[in-house]
Amino acid sequence: MSSPDPSRPVRSDARRNRDKLLAVARAAFAAADGTVALEAVAREAGVGIGTLYRHFPTREALVEAVYAAELDDVTAGAPALLEQLAPEKALRAWMDRYAAFVATKRGMADVLRASVASGRIATPATRQRISAAIGAILDAGAAAGTLRPGADPEDVTLLLLGVFLSTAGEHDPERTGRMLDLIVDALRVRD
């Protein structure tokens with residue numbers, strides 16, 4: 001199956017259908033412990049399976065689109081949080097969003113692993129985007145005098161990944177939250 005021509009304008013109904021499919025797929029993948037039936041995604045979105053395949057020719061294409069949309073949401077959320085919260089609170093709230101992003105990948109895990117292995121999802125690029133979001137919050141905290149200046153965003157990213165890997169099998173949000181609190185506490189400026 002061929003993908004739509006990116007240079008051609010997308011009709012508004014086609015864009016709505018794609019958005020509905022992505023929203024339904026996001027929810028389905030987040031709730032699933034195993035494989036999600038694409039027919040169920042199409043049905044829940046109120047479209048036929050042919051419409052799903054026109055937008056996402058393979059299961060991998062749908063999973064990668066969901067992953068990209070969620071990554072966009074997570075990384076774009078840092079500036080908005082900084083507008084609403086003090087930097088250390090923005091950092092903790094952003095970590096919760098990132099934890100939710102990671103936790104909802106259970107139903108997509110096998111396809112994501114294959115996409116990473118094939119190079120369709122570039123893990124260094126993903127980590128750079130995550131580290132950039134963390135860096136923006138750390139910089140704001142350093143400027144405000146509440147977060148340690150010079151903390152390396154890549155180090156914080158690796159700490160977060162360690163938390164998520166170590167708690168992946170538990171499905172214990174309280175433990176994850178306590179560990180995230182410890183990371184924020186370690187980044188606070190001490191008197």
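Q: Why is helix 5 called oblique to helix 8 in this predicted model?
A: The axes of helix 5 (residues 87-103) and helix 8 (residues 153-167) cross at roughly 50 degrees and come within 11 Å. Angles under 35 degrees count as roughly parallel and 65 to 115 as roughly perpendicular, so helix 5 is oblique to helix 8. The crossing is right-handed.

Q: What makes the contact of helix 5 with helix 8 nonpolar, polar or charged?
A: From helix 5 come W94, M95, Y98, A99 and V102, and they meet V156, L160, L161 and F164 of helix 8. Ala, Val, Leu, Met, Phe, Trp and Tyr are among the residue types that count as nonpolar. The contact therefore divides into nine nonpolar residues, no polar and no charged.

Q: How do you know that L147 is buried or exposed?
A: Buried means under 20% relative accessible area. L147 has 1% relative accessibility, so it counts as buried. L147 lies in the loop between helix 7 (123-144) and helix 8. Leaving aside neighbours within four places in sequence, its contacts include P87, L91, I137, L138 and V189.

Q: How do you know what length is expected for helix 1?
A: Helix 1 (residues 12-31) has 20 residues, and at 1.5 Å a residue the expected value is 28 Å. From first C-alpha to last, helix 1 reaches 29 Å, close to that value.

Q: Which residues of helix 1 are buried, and what do they pack against?
A: They are A14, N17, L21, L22, V24, A25 and F29. These buried residues pack against helix 2 (38-45), helix 3 (49-55) and helix 4 (59-84).

Note on methods. Residues are numbered from 1 along each chain as its sequence is written. This is a predicted model: local features need pLDDT of at least 70, side-chain atom pairs count only at pLDDT 80 or more; totals for chains, interfaces and linings use all residues. Side-chain values use heavy atoms; hydrogens and water are left out. Axes are lines fitted to C-alpha atoms, for helices over the stretch in contact, and angles run from 0 to 180 degrees between N-to-C directions. Helices (H or I, at least four residues) and strands (E, at least two) are DSSP runs, numbered from the N terminus. Angles under 35 degrees count as roughly parallel, over 145 as roughly antiparallel, 65 to 115 as roughly perpendicular and the rest as oblique. A crossing is left-handed if the near helix is turned anticlockwise from the far one by less than a right angle, and right-handed if clockwise. Contact means heavy atoms within 4.5 Å. The expected span of a helix is 1.5 Å times one less than its number of residues. Buried means under 20% relative accessible area, exposed over 50%, partly exposed in between (1.4 Å probe, protein chains only).
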